[in-house]
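View the sequence and the model together while reading.

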Amino acid sequence: MPSSVVAHMSYDPAAATLRIVYVSGTVYDYKGVPPRVYDAMKKASSKGQYLNRHIKGKYDFVKVSG
């Protein structure tokens, strides 16, 4: 999953939470993300562009660390 923005991502289907670990080391949890959005992000050629267009500003988030 090479990306210049996203170092790692994981998804908790029970909580509908998408965890994004940025290359900078900052970690955010995006709440209420449907599984189809996570699946589409996994398949996206640019994780950073997908994140900016389809997740940021559309879902509540919590900064976990960083």
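Ser 3 sits in the segment before strand E1, which spans 6-12. The model is predicted. Ser 3 has a relative accessible area of 23% and is partly exposed. That value falls between the 20% and 50% cut-offs.

Beyond residues up to four places away in sequence, Ser 3 touches Val 23, Lys 47 and Gly 48. Ile 55 is 52 residues from Ser 3 in sequence. In space, their C-alpha atoms are 16 Å apart.

## Ala 16, a positive phi

Ala 16 belongs to the loop between E1 and E2. Its phi is near 50°, a positive value in a residue other than glycine. Most residues other than glycine have a negative phi.

How accessible is Ala 16? The relative accessibility is 21%, so Ala 16 counts as partly exposed.

## Thr 26, a buried loop residue

Thr 26 is found in the loop between strand E2 (17-22) and strand E3 (27-31). Is Thr 26 buried or exposed? Its relative accessible area is 14%. Buried means under 20%, so Thr 26 is buried.

The side chain of Thr 26 makes a polar contact with the side chain of Ser 24, at 3.2 Å.

## The H1-H2 pair

Two packed helices are described by the angle between their axes and the distance between the axes. Helix H1 covers residues 35-43, and helix H2 covers residues 47-54. Their axes come within 8 Å. They cross at roughly 150°. Angles over 145 degrees count as roughly antiparallel, so H1 and H2 are roughly antiparallel to each other. The crossing of H1 and H2 is right-handed.

Which residues of H1 and H2 meet? From H1 come Val 37, Ala 40, Met 41, Lys 42 and Lys 43. From H2 come Lys 47, Tyr 50 and Leu 51. By class, the contact has 5 nonpolar and 3 charged residues, with no polar ones.

## Lys 47 in two contact lists

Lys 47 is one of the H2 residues that meet H1. Lys 47 is also among the residues touched by Ser 3. Ser 3 itself lies before strand E1.

Note on methods: Residues are numbered from 1 along each chain as its sequence is written. This is a predicted model: local features need pLDDT of at least 70, side-chain atom pairs count only at pLDDT 80 or more; totals for chains, interfaces and linings use all residues. Side-chain values use heavy atoms; hydrogens and water are left out. Helices (H or I, at least four residues) and strands (E, at least two) are DSSP runs, numbered from the N terminus. Buried means under 20% relative accessible area, exposed over 50%, partly exposed in between (1.4 Å probe, protein chains only). A polar contact is a pair of N or O atoms within 3.5 Å; within protein, one must be able to donate a hydrogen and the other to accept it, and residues adjacent in sequence count only if both atoms are side-chain atoms. Axes are lines fitted to C-alpha atoms, for helices over the stretch in contact, and angles run from 0 to 180 degrees between N-to-C directions. Angles under 35 degrees count as roughly parallel, over 145 as roughly antiparallel, 65 to 115 as roughly perpendicular and the rest as oblique. A crossing is left-handed if the near helix is turned anticlockwise from the far one by less than a right angle, and right-handed if clockwise. Contact means heavy atoms within 4.5 Å. Ala, Val, Leu, Ile, Met, Phe, Trp, Tyr, Cys and Pro count as nonpolar, Asp, Glu, Lys and Arg as charged, and the others, Gly among them, as polar.
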